[in-house]
Amino acid sequence: MRSNSSGRSRRRYAVVGAGHRAALYVEALAGEYADVGAVVAWCDPSPTRMAYYDAVLGHAPARYAPERFADLLREQRPDAVIVTSPDATHHHYAVAALRAGCDVVVEKPLTTTAEGARAISDAVRESGGELVVTFNYRYSPRNEEVRRLIAAGAVGEVTSVHFEWVLDTVHGADYFRRWHRDKAHSGGLLVHKASHHFDLVNWWLHDVPRTVFALGGLRFYGAGNAARRGLGARPERSTGAPGADRDPFALDLAADDVLRRLYLEAEADDGYLRDRDVFSGGITTEDNLSVVVGYGSGASLSYSLNAHSPWEGYRVAVNGTEGRVELDVVERGHVLPAGAAGVVGRPAVDPSATPDRRAPGVSSAAGSALSGTSRLAGSAGTALSGSTANPRPAGERLLLQRHWSVAEEVPVPQGDGPHGGGDAHLLDDVFRPGTAPDPLGRRAGVVDGLRSAGVGIAANLSLRTGQVVRISDLGLSSDG
């Protein structure tokens, strides 16, 4: 990153977007990284949310509404801007910050459109600033091991990859309550969620995606699907709705202190509803998706995403000229409905963001809405049994099998903390870059963001046209 022009020892950070995604960075700067940086300004439409993070920091940075972002840059002169706003706004803030002489840290995805991607690419090139995309899954030990095996030639030349990701009816459903339900805001799951997955494959293969074809649709959530399955009338939102405590798809914002303070009490500020019913109208994001990607080397990726699975995790198979690597990850083995026998607690919305996984599938009291988790409404949220009879316990297995050989299990170091131990290492790279060796190239920049978002953007175009899309035809240079 560029050095402080004023010679200050601590970098000045502005945070754009004061929802739960900001917590990772705000808590870091309030604690372990307070010696290297400080938040000097917020930019968010909600004074309530900004006040919540004031309390986290223990002081009150300057506040700016989104339409005053240019004033923030001029008056506060931050060294870097952390962008955690809704995905479709990323390019607006990133471009303005870069052109004002700031570095940028942006939550994935980089952006949602080809126009936004081109604007960011131009701003990075013309400003000389640095942009970091926070792909925390690169830092998970199990994903690092896949990268090491491929780089070491364990399977020879990679010929194809199969990648299946399943989101359960707790975590998957949450994308259809929030602003993510509208593709105009999120780019759909192919951009918002799958950008993690496309980035992993790009990084594992150290290759450039070229062509994309996609199929998919909204098959489970939404009013039309609910009507076809005879679900009957449902409330527009969960909080305060009759019967919400018996509805496994309800989210009670009042029942969780963080969700209440960040969202329920902020509704008067901007009208944003965090607990929309997943079977209501207006959903434009798909919940079932299949994508084929062709790479510059000739390798191909077959990818699938399901957002209403009974369990959560992912399966990866990497085929090569000398063998095969298989990674199986169960982040949560099952979720049970309200009133099920043997339940032990209410589950985190995102199991990968819950740091304590000592009991398979059981959410820890340490999990909170700030780390990407939240609580379901009443007893409906009680979900996970720690029974030893569970045939799908949370865990992971990495296998390498070379041609003419017996399969061998590859040990995976245990990560410490959320997202398989990735978040802590990611924060080091964001706030203390260059202090530790990075032989795997985990730190992601604008080229990585363009390649990942480019696959999702091309896949969305393929969904609309039914055609194979060349990423280069979008005006994106995935070669960097």
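Which residue stands opposite Ser-302 in β10, coming from β7? Keep that in mind as we look around this predicted model.

## Strand β10 and its partners

The residue is His-162, which stands opposite Ser-302 in β10. The two strands involved, β7 (residues 158–168) and β10, run parallel and are joined by eight bridges.

Ser-302 also has Val-292 standing opposite it. Here the pairing is between β9 (residues 288–295) and β10, and it is antiparallel, with seven bridges. These two strands make a hairpin with four residues between them, and Gly-298 in the turn has a positive phi of about 105°. Strand β10 covers residues 300–309, and seven of its ten residues are buried, so the rest of the structure largely encloses this strand.

## A buried asparagine

Now let's visit a loop. Asn-136 lies between β6 (131–134) and α6 (141–151). Its relative accessibility is 7%, so Asn-136 counts as buried, the cut-off being under 20%. The side chain of Asn-136 makes a polar contact of 3.4 Å with the side chain of His-196.

## Cysteines

Cys-43 is buried, with a relative accessible area of 2%. Cys-102 is buried too, also with a relative accessible area of 2%. How many disulfides does the model contain? The count is zero.

## How confident is the prediction?

The average pLDDT of the protein is 89, and 86% of the residues score at least 70. Over residues 356–387, however, the pLDDT is below 50; in the model this stretch has 113 contacts beyond near neighbours in sequence.

How values were computed. Residues are numbered from 1 along each chain as its sequence is written. This is a predicted model: local features need pLDDT of at least 70, side-chain atom pairs count only at pLDDT 80 or more; totals for chains, interfaces and linings use all residues. Side-chain values use heavy atoms; hydrogens and water are left out. Buried means under 20% relative accessible area, exposed over 50%, partly exposed in between (1.4 Å probe, protein chains only). A polar contact is a pair of N or O atoms within 3.5 Å; within protein, one must be able to donate a hydrogen and the other to accept it, and residues adjacent in sequence count only if both atoms are side-chain atoms. A disulfide is a pair of cysteine sulfur atoms within 2.5 Å. pLDDT is the predictor's confidence in each residue, from 0 to 100. Contact means heavy atoms within 4.5 Å. Two strands pair if DSSP finds at least two bridges between them.
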